[in-house]
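Okay, everyone, thanks for coming.

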Amino acid sequence: MPAEVFNTRSGDETGFFCTPIDRTCDDAHRLCVIPRGLFIPTLGNYGSVEFLLTLSSRDETLSGLQRLIALIFAIGLVLLCSLLSLQLSRIEPDLLRKDLIAHLEKITDGTVSFEGFRLSRFPFLAAEFETSKLVLKGPPRIGVSAKKTKIVFATLPLLFGRFDVSLIEMNEGKVFFEFPKVSPVKQVQLENVSMEIHSIGTRRPMKFKLFADTADTTKAFSGEGMILMNNWKQWDWDFAACDGKFQLNRVDLEKYWGQNKSDLPMKINQGEFSGELKIHKAKGEPQMIFEGNASLGGFIYQMQEEAAFLTAPEMKADLAWKAGWNPARDEIHLMSSVVTTPLGNVEASGRFFLGTHELQDVRVNALGIQLESVPQYLIPFKDALPVNLGFSGQSDFEMSLQGTLDHLLIHSKCDITPALLTYSRFFSKPKDLPRYLNFDYLLKDGEVLSGDFCLRLSDVTFKGSLTDLNLKTGMGGVNFITNKFPMNGLQFVTPFFRDYRLEGERKVFANVNGNFQKLTGFKSMLNLTIENGKILPQEGSGIEKLHVLLDYGPLAIEMRKLEFELGASVVAAEWMAYNMATSPDFQAKVTSSHLEPVSVMNSMNRFLGKNFPAEFKAGFEKVQLWVQNLFPPGEALESLTAGARYKDKKWQIQGVRFQAYGGEAQFQAGIDQTSEVPIWWVDTQINRLSLARFLGRGGQDKKLVDGNLFLNAQFQGTGQPNVDWIQNARGDGSLLITNGEFHTFDLIGGMSRIDKLNQLSSFATGTTSFDDLRALLVLKDKKIVMDKLILISRDVSTEASGEFLLDGVLNYRLNVFLSPALTREVLGTVLDAGTEASERQLGPIPLLLSGPITGPELKPDPALVPELVDELHKRETQKILRNFMPEEYLFDRRSNN
């Protein structure tokens with residue numbers, strides 16, 4: 001017959017009576033179904049009834065009253081057993097199963113499924129489910145399954161019309177937790193779960209005990225305790241009470257992590273985890289207390305970075321904490337927590353209100369943090385930190401949080417005085433130099449950070465602000481400014497100047513906007529100003545009257561103004577450098593009214609040499625070598641302007657113009673190092689340079705040649721300019737020397753060795769003076785070839801051809817013509833023919849000039865001199881007297897002059 005629905009009427013706590021009405025029961029934990037007219041008691045919340053029968057141990061004869069009482073009790077017991085047997089025999093399993101599942105799903109808001117069900121009536125009424133599963137809605141989604149679940153009902157309450165559950169047993173079960181997609185850990189599960197819950201009901205303590213395995217660890221998880229409540233659905237928190245203790249014992253993290261799903265690029269190699277959690281709430285108390293501790297031992301993990309895995313060192317950590325939960329206030333109160341790690345200790349406390357998402361008095365203190373160990377144990381920090389940043393020593397960190405999650409105020413203070421901090425070769429903070437960092441930030445909507453910060457380093461104060469930094473996208477801005485502070489003391493934090501004494505004042509202003517998750521695309525400005533600065537070495541002269549205006553960015557450095565005096569040199573410069581650490585791009589412009597190149601280059605190498613990138617340093621050293629070859633110490637350039645460019649392994653020296661050695665020079669040069677063998681080139685224009693001073697540079701005592709040099713030439717070649725450049729050098733140009741004198745040979749003295757010209761010996765001086773020397777030159781095959789060289793002087797005119805080897809050896813053939821005056825002196829009788837012949841010149845007189853440039857040999861040409869002597873002997877004037885100067889040469893000379 002169909003079931004009738006009954007509702008309990010109020011009564012005392014020892015029992016309820018049901019009367020038929022037309023609606024279901026209010027209490028979700030009771031069964032109110034009456035099959036076939038039989039009264040089925042509800043799942044109540046009442047204690048079991050205990051009977052105590054005490055019999056006398058004496059052998060006395062029972063009185064009649066006693067025998068009557070015993071008889072009545074025996075009859076009643078038989079009747080009760082009969083009634084109980086009758087009640088049990090009339091229970092329909094399907095109805096009981098349906099009601100059990102319906103009530104369980106209503107209480108838990110979950111879904112129940114099973115494969116088998118059996119109702120056992122003797123010796124106790126029990127419902128047994130086989131392969132059952134309960135899944136609770138999330139998040140997180142929780143599932144409980146068991147091979148066998150048994151629900152045992154108390155016996156005596158059945159006689160009074162109630163189904164009281166005295167025991168729930170679950171064996172060979174599983175529990176899993178599935179977290180949302182945003183969580184890095186997707187699923188956690190427990191294996192071989194066994195659980196017992198005694199005295200199920202309200203207003204009486206329900207005791208529980210459970211065990212579970214994790215991976216290969218048997219009974220790794222255990223718990224026991226008591227729960228008391230007044231109602232299943234709308235229970236009174238003030239009435240509720242609980243006590244519980246849960247333990248996690250030596251879980252093998254490597255095996256456990258391998259069995260659970262995670263999106264983290266992490267692999268656990270080894271480690272054990274143990275922990276304990278105690279829960280307590282007394283009746284009438286508003287707060288539930290959670291207290292626990294955990295320990296991590298022998299923990300080693302790896303994280304994937306591109307194709308490789310980075311391994312952290314073995315770590316041990318301990319955690320102790322105590323917290324309270326007050327649902328009436330929606331409050332979680334973290335009373336204390338301490339984490340002890342190899343990095344140092346971290347303490348935290350505070351309050352969090354779940355309803356309003358508000359934090360109050362949240363404090364985090366990290367004391368004695370070992371900075372050098374942070375990126376070793378916390379591998380993600382290796383990617384977050386700049387590549388060239390280094391640190392070691394201890395640091396203390398304090399932080400407080402206040403406000404709601406969408407409007408959170410953060411105050412922090414950091415003391416890294418005991419720590420050593422370095423950034424590449426540009427910055428180094430020694431230990432025990434006072435340094436403090438304070439900041440006050442506002443975090444809006446959990447992702448936008450803004451606020452002010454203050455950094456104090458000794459007597460330097462940095463003040464700045466962070467503007468709308470989006471923690472998800474990385475977009476935002478930072479700006480800061482310093483006070484004007486003395487340069488003295490900078491040498492202790494900047495390796496550049498460690499061995500120097502500094503004076504003057506400086507000031508820094510910076511503004512950076514862009515994506516802080518990337519290294520490119522910044523719109524940034526860092527401005528460094530130095531006034532009246534001095535950089536003085538331990539010995540010798542240094543830089544004085546230094547004025548600097550520098551802009552620095554993550555990819556570029558721009559020196560907008562650089563003025564200084566170095567000894568007698570006065571320098572003003574501007575330069576800009578990009579990508580110094582990866583692909584250097586360097587541009588510079590220098591002006592100076594008086595500059596001693598060697599002194600300045602040596603100073604640059606001393607200040608910056610150790611910090612040049614390898615490619616840039618190699619190019620700089622080549623330029624430095626050229627400078628040293630051209631300008632010895634003490635030689636100065638006047639009215640200098642110059643430019644330089646380095647990009648893509650190419651050096652270009654542009655627009656160089658200066659006055660030196662009594663003349664003016666202009667040139668351009670370059671080195672292309674993109675190929676295995678460098679390519680170089682030089683374009684030179686020299687006007688009126690004193691050869692005596694230039695060739696006498698570096699203290700050379702022996703003179704070679706005097707005069708004013710005019711040169712226009714282009715040279716190029718391959719190979720290192722300071723090693724093998726001669727091998728492949730080539731080029732061409734034009735040469736003019738005026739008012740000069742060769743000190744290594746004498747043309748007149750050489751001609752005086754020819755028969756019939758011996759009288760010229762009285763005019764020999766040991767040198768050769770000249771008014772002009774003009775030549776076209778070609779550089780090839782390690783020599784300079786001059787096919788047409790013309791020398792004009794008061795006594796002789798000469799045309800020559802030959803070559804000059806770059807290792808200092810020359811070889812020339814000369815045709816010399818005596819001046820009309822010397823011609824008349826030698827051949828006076830021959831020239832009596834008339835005035836027309838008096839302006840003619842004797843020649844050509846063949847000579848050979850060969851040997852080292854420092855002392856070449858000049859001698860008559862043995863192949864041609866006999867013919868000349870014969871013509872002189874025969875007085876064949878038509879062959880030995882002629883005009884030398886071609887008209888085009890005179891025109892070219894006037895143009896040059």
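Let's start with Arg97: its charged end sits over the ring of Phe117, 5.9 Å from the ring centre. By "over a ring" I mean that NZ of Lys or CZ of Arg is within 6 Å of the ring centre and within 35 degrees of the ring normal. Lys281 does this too, with its charged end over the ring of Trp237, 4.9 Å from the centre.

Quick housekeeping. This is a predicted model, where local features need pLDDT of at least 70, side-chain atom pairs count only at pLDDT 80 or more, and totals for chains, interfaces and linings use all residues. Residues are numbered from 1 along each chain as its sequence is written, and side-chain values use heavy atoms, with hydrogens and water left out.

Now, how many aromatic pairs does the structure hold? There are 15, where rings of Phe, Tyr and Trp (its six-membered ring) pair if their centres lie within 6.5 Å, and planes under 30 degrees apart count as stacked, over 60 as edge-to-face and the rest as tilted. One of them is Phe117 with Phe129: centres 4.9 Å apart, planes at 55 degrees, so it's tilted. Phe117 is partly exposed at 23% relative accessibility, while Phe129 is buried at 7% (buried is under 20% relative accessible area, exposed over 50%, partly exposed in between, with a 1.4 Å probe and protein chains only).

Then there's Phe631 and Phe658, with centres 5.4 Å apart and planes at 75 degrees, so that pair is edge-to-face. Phe631 is buried at 6%, and Phe658 is buried at 6%. Ring pairs also link these two with Tyr661, Phe667 and Phe694 into a cluster.
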